[in-house]
Amino acid sequence: MILLALLLQVSDSLPAKPSPPAPPAAPPTAWLRLIGGRGGEHDTLYVYEDGGALVTLVARSAPQPLAQVSESVFTLAGRGVDHPQVVFRQGEIQVGAVIRRRLQLGPADGGQLRLRPVRSVAKLLRADRRLTPPAESGAFLAPDLVQPAKLDSGIHLDIRYASTNNFLGSVFYASPRAFLQRPAAQALVRAARALRPLGYGILIHDAYRPWYVTKVFWDATPPQSRWLVANPARGSKHNRGAAVDLTLYDLATGAPIEMPSTYDEATVRAESDYPGGTSRQRWHRALLRRVMEAEGFMVNPSEWWHFDYRDWQRYQILNTPFEEIR
């Protein structure tokens with residue numbers, strides 16, 4: 001009994017285990033409709049939330065916090081009452097005499113980006129599947145594709161290209177699975193386990209992509225939008241099994257975490273250092289990036305969700321369909 005009492009005294013005297021860092025609070029709901037971009041004749045003004053305040057930003061100028069006067073009227077904080085007001089109206093913002101129209105950043109419904117294919121995806125899938133990837137020279141590691149979700153059941157899947165919920169609205173994969181080269185998959189498992197104590201899990205949208213699918217993307221995408229997809233003449237890191245598209249989900253609810261943009265979004269919001277959105281969204285984006293980079297992944301500057309494994313050059317372009325991978 002004496003020993004037990006001593007142990008209890010020691011345990012009571014130990015410092016409390018530090019709590020996991022908490023994300024910033026969500027901004028007022030009424031502010032969400034004010035956040036976004038407004039286009040002028042020569043520039044774009046962005047409104048975002050930072051540190052509990054709304055902020056405006058115009059290219060090549062310093063961010064300017066706003067002070068709220070009423071539901072839709074603000075002033076530039078610290079500028080005095082005689083400075084022009086910032087007035088939000090339906091579809092526009094007025095700063096003094098200058099009016100800027102609201103820009104549509106991302107899909108209007110907040111969901112998946114959609115493009116109208118310029119050629120039949122079904123026909124391209126049949127034709128491009130018979131083609132051969134570009135020849136490569138060099139000494140490559142032997143392919144060893146594995147499923148991260150089988151290495152760690154806490155890794156969840158929402159494989160967009162195994163459904164019609166993708167930018168071309170067609171099914172490209174025979175099954176909703178994700179594959180990576182084994183070292184990349186093991187690194188992803190380590191990232192998932194680092195996130196778990198913080199209350200987050202990893203949700204994969206895409207990983208290994210057969211080369212013929214990249215070729216279909218290229219052939220079906222309108223020429224003016226081809227900057228969205230990899231050039232099949234060079235192949236992609238996805239083709240090598242060394243790239244993964246992912247986000248965070250809430251372990252308690254299973255719901256995806258809100259980020260500054262939607263997945264596969266072709267706007268400035270998708271950039272990995274986009275300053276807009278909310279503090280909470282950017283905090284989660286930074287957390288994902290920090291954990292992934294600690295395990296040897298590099299973020300794509302144009303896509304916060306896209307991470308390349310550090311040794312991607314050591315793997316060759318693959319064209320193995322999902323149904324042939326066991």
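Strand S5 (residues 73–76) is covered on both of its faces: Val73 and Thr75 on one side, and Phe74 and Leu76 on the other, are all buried (under 20% relative accessible area, with exposed meaning over 50% and partly exposed in between, for a 1.4 Å probe and protein chains only). Helices (H or I, at least four residues) and strands (E, at least two) are DSSP runs numbered from the N terminus. The structure is a predicted model, in which local features need pLDDT of at least 70 and side-chain atom pairs count only at pLDDT 80 or more, whereas totals for chains, interfaces and linings use all residues. Residues are numbered from 1 along each chain as its sequence is written, and side-chain values use heavy atoms, with hydrogens and water left out.

Strand S5 pairs with strand S4 (residues 64–68) in the antiparallel sense over three bridges, pairing being assigned if DSSP finds at least two bridges between two strands. A hairpin of four residues connects S4 to S5, and Gln68 stands opposite Phe74 in S5. S5 is also joined to strand S6 (residues 85–89), again antiparallel, by three bridges; Val87 in S6 is the bridge partner of Val73.

The largest nonpolar core comprises 59 residues, and those with the most contacts inside it are Phe172, Leu188, Ile202, Val244, Met292 and Phe297. Such a core is a set of buried Ala, Val, Leu, Ile, Met, Phe, Trp, Tyr and Cys residues joined through side-chain atoms within 4.5 Å. Helix H5 (residues 182–195) supplies the largest share of this core, eight residues. A second, separate core of 13 residues includes Leu34, Leu76, Phe88 and Ile93. Leaving aside neighbours within four places in sequence, Ile202 has contacts (heavy atoms within 4.5 Å) that include Leu188, Ala191, Ala192, Leu195 and Met292.

The count of aromatic pairs comes to 15. Rings of Phe, Tyr and Trp (its six-membered ring) pair if their centres lie within 6.5 Å, and are classed as stacked for planes under 30 degrees apart, edge-to-face over 60 and tilted for the rest. Phe167 and Phe217 form an edge-to-face pair, at 5.3 Å centre to centre and 75° between the planes. Phe167 lies in the loop between strand S10 (156–157) and strand S11 (180–181) and Phe217 in helix H6 (residues 211–220), so the pair ties together parts 50 residues apart in sequence. Both Phe167 and Phe217 are buried.
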